[in-house]
Amino acid sequence: GGTWGPETIIDNQAANQSGPGGLLQTAAGTMLLFFARFTSTSAWQLKVFRSLDSCYTWGAAIDLHATTGATEASGGGGPCIQLSNGRIVYMTNVRDTGGFFSAKLLYSDDDALTWTLGPTIANGTADSKNYTEPGIVKTGGSFPTETLLCLLRNDTEGLIAKASSADSGATWSILSTVVTSASSRPWIFKAASGNLILLCRT
């Protein structure tokens, strides 16, 4: 980080707010940038951009919003991950107009060219709560029994909650509270030591 090259414009949406939501270099060397656009209809629209040349140039945005089937979809907290079998996993929070946000999983088996909607980790509609900004980290194992941990923000109650998966994201445990008073998204990382690091504002 001592010196930097020239700035590259990846997404030029001057009329709309937009924000990055995760960066990943896949096993194939592809760089992925997840991005949420705030449109004129006041709804978040989730996209992903791919670069095949170490971020010098970027392809057109791939629409992830349509995959969710929801009115509104934005990125989660923290990076995207890739499982041992090559599957790319990204967390999103989605809702329909006027409804509650739910945390869901998106995955791709073709280096992020196409995407599939996976299971719901936290159902905001059923619980009458807003579950937002989910993040995910690998904690061990190999596919199809990789262990994953999801941390998300419960906006309704002002806390950080977690859910875990022991089958590479196919099923998830019920939510439990990690931080009882929080006012930001949770950023979760696994250090080289194996320890998990959680960053959030309380």
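**View 1. Glycine 69, a residue out in the open.** At 63% relative accessibility, glycine 69 counts as exposed, because the cut-off for that word is over 50%. Keep in mind as you look around that this is a predicted model. Glycine 69 belongs to the loop between helix H1 (65-68) and strand E5 (72-75). Pick out isoleucine 121 as well: it is 52 residues away from glycine 69 along the chain, and 16 Å separates their C-alpha atoms.

**View 2. Serine 108, a residue tucked inside.** Is serine 108 buried or exposed? Serine 108 has a relative accessible area of 1%, so it is buried. You will find serine 108 in strand E8. Leaving out residues up to four places away in sequence, serine 108 touches Gly86, Arg87 and Ile88, and also Leu113, Thr114 and Trp115.

**View 3. An open sheet of four strands.** Follow the order E10-E11-E12-E13 across this open sheet, where the pairing is antiparallel. Which strands form the edges? They are strand E10 (131-140) and strand E13 (176-179), each of which pairs on one side only. From one strand to the next, the twist averages 30 degrees. Now zoom in on strand E12 (residues 159-165) and E13: they run antiparallel and are joined by three bridges. To see a pair of bridge partners, look for alanine 161 and, in E13, threonine 177.

**View 4. The largest nonpolar core and tryptophan 172.** This core has 17 residues, and Ile121, Ile136, Leu152 and Trp172 are those with the most contacts inside it. Two or more of its residues come from each of these elements: strand E7 (88-95), strand E8 (102-108), strand E9 (116-122), E10, strand E11 (147-154) and E12. What does tryptophan 172 contact, beyond its neighbours within four places in sequence? The list includes Leu105, Pro119, Ile121 and Ile136, along with Leu148, Leu149 and Cys150. Ala163, Ser164 and Ser165 are contacts of tryptophan 172 too. Elsewhere there is a second, separate core of 16 residues, with Ile62, Ala73, Cys80 and Leu106 among them.

**View 5. Phenylalanine 34 meets tryptophan 115.** Four aromatic pairs turn up in a search of the whole structure, and here is one of them. The ring centres of phenylalanine 34 and tryptophan 115 lie 5.8 Å apart with the planes at 80 degrees, so this pair is edge-to-face. Phenylalanine 34 sits in strand E2 (residues 31-38), while tryptophan 115 is in the loop between E8 and E9, so the pair ties together parts 81 residues apart in sequence. Both phenylalanine 34 and tryptophan 115 are buried.

**View 6. Phenylalanine 35 meets phenylalanine 49.** How are these two rings arranged? With centres 6.0 Å apart and planes at 85 degrees, phenylalanine 35 and phenylalanine 49 form an edge-to-face pair. Phenylalanine 35 is in strand E2 and phenylalanine 49 in strand E3 (residues 44-51), so the pair links distant parts of the chain, 14 residues apart. Phenylalanine 35 and phenylalanine 49 are both buried.

**View 7. Arginine 87 over a ring.** Finish with tyrosine 107: arginine 87 lies over its face, at 4.0 Å from the ring centre.

Technical notes:
Residues numbered from 1 in each chain as written. Predicted model: local features only at pLDDT ≥ 70, side-chain atom pairs only at ≥ 80, totals over all residues. Heavy atoms only, no water. Pairing = 2+ DSSP bridges. Axes fitted to C-alpha atoms, helices over the stretch in contact; angles between N-to-C directions. Core = buried A, V, L, I, M, F, W, Y, C linked by side-chain atoms within 4.5 Å. Buried < 20%, exposed > 50% of the residue type's maximum accessible area, 1.4 Å probe, protein only. Contact = heavy atoms within 4.5 Å. Phe/Tyr/Trp six-rings, centres within 6.5 Å; stacked < 30°, edge-to-face > 60°. Lys NZ or Arg CZ within 6 Å of the ring centre and 35° of its normal.
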